[in-house]
Amino acid sequence: MKLALIQEKQNKLYSFNQPDLRFTKDQIMELQKEMIDQNLKMIQRAISHNVDLVLTSEAINFVGNPYRYQEKPYDLVVSSQDYLLEACAKLAKQGKTYLVVGMLLAKEHQQLSNSAVVFNKNGQICFAYDKVFLAGDENDYLRPGSHFPIWDSEFGKVGIAICYDMQFPETIRAYAKQGADLILCPTWGWENIYARCRAYENGIYLASAMAVPFYKDIIDLRSPSEVIGPDGQVLACAGNSSKEILFYQINDIRDCKRQRELRQVMIAKWQSFSKK
């Protein structure tokens, strides 16, 4: 399974360090389109390498924090949603690859979710996941997901966790209990310190598509886009200062089951010892 992880470079729409900054509708739409088009171009480059799956970062069609403008977030997302979905469908079909896109998704009753949409090799939407654990002001305008569904892909069982979902051990544990082999994470806040723990304690592969902040490099606790093995080891890592595509080949994601079996043996031995 050859992965391509899209690490975008954000623009000033993502200026979280400037709370007083305000945008007009035209500015928002221009900045949003710039980010969407950057990702589409990078996806185009990725599929030229004959990959099996492309993963983007979180919410590539972000419209900024709601307190910075007068428009309804739902209306701003809807205005470009068809363009993004149609372009992604075309690229997935063109590359004969699976494409997992982190995006704000407009739904019925004017509700928005922070989602990951999966396009199959024919360009059709075959799976979707809604972020369960919303962070910060996401709670003010997004609807959270309610469960952790498994995508039963041709490569193995795949789960999706978006950014803040990874902060909670229960997220990956829920997937591991369903037999997941790989977790895909579109994110703006990949933190290696807990990601390696999640992989190791559950015996599972993790792959993240991180974004480079507008105003600084990926620093401190944050880590660039990565692939982590079921033993908690980092298998591949992008740079921390610029946009790039991280490629990595996993021969068989199902082989993580061996790591999980070893963990169960260790647990059984400890339980036996503790009873003595």
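This tour visits aromatic ring pairs in a predicted model.

**Stop 1: the whole chain.** Show the side chains of the aromatic residues. The count comes to 14 aromatic pairs.

**Stop 2: Phe16 and Phe62.** Select both residues. Their ring centres are 6.0 Å apart. The planes meet at 50°, so this pair is tilted. A tilted pair falls between two limits, because planes under 30 degrees apart count as stacked and those over 60 as edge-to-face.

Now colour the elements around them. Phe16 sits in the loop between strand S1 (2–7) and helix H1 (25–47). Phe62 sits in the loop between strand S2 (53–55) and helix H2 (73–95). The pair therefore ties together parts that are 46 residues apart in sequence.

Is Phe62 buried or exposed? Phe62 is buried, with a relative accessible area of 3%. Phe16 is partly exposed, at 36% relative accessibility.

**Stop 3: Phe133 and Phe168.** Select these two next. Their rings form a stacked pair. The centres are 4.0 Å apart, with 20° between the planes.

Where do the two residues lie? Phe133 is in the loop between strand S5 (125–130) and helix H3 (138–141). Phe168 is in the loop between strand S7 (157–160) and helix H4 (169–177). The pair links distant parts of the chain, 35 residues apart.

Check the surface again. Phe133 is partly exposed, with a relative accessible area of 24%. Phe168 also counts as partly exposed, at 24% relative accessibility.

Definitions and conventions: Residues are numbered from 1 along each chain as its sequence is written. This is a predicted model: local features need pLDDT of at least 70, side-chain atom pairs count only at pLDDT 80 or more; totals for chains, interfaces and linings use all residues. Side-chain values use heavy atoms; hydrogens and water are left out. Rings of Phe, Tyr and Trp (its six-membered ring) pair if their centres lie within 6.5 Å; planes under 30 degrees apart count as stacked, over 60 as edge-to-face and the rest as tilted. Helices (H or I, at least four residues) and strands (E, at least two) are DSSP runs, numbered from the N terminus. Buried means under 20% relative accessible area, exposed over 50%, partly exposed in between (1.4 Å probe, protein chains only).
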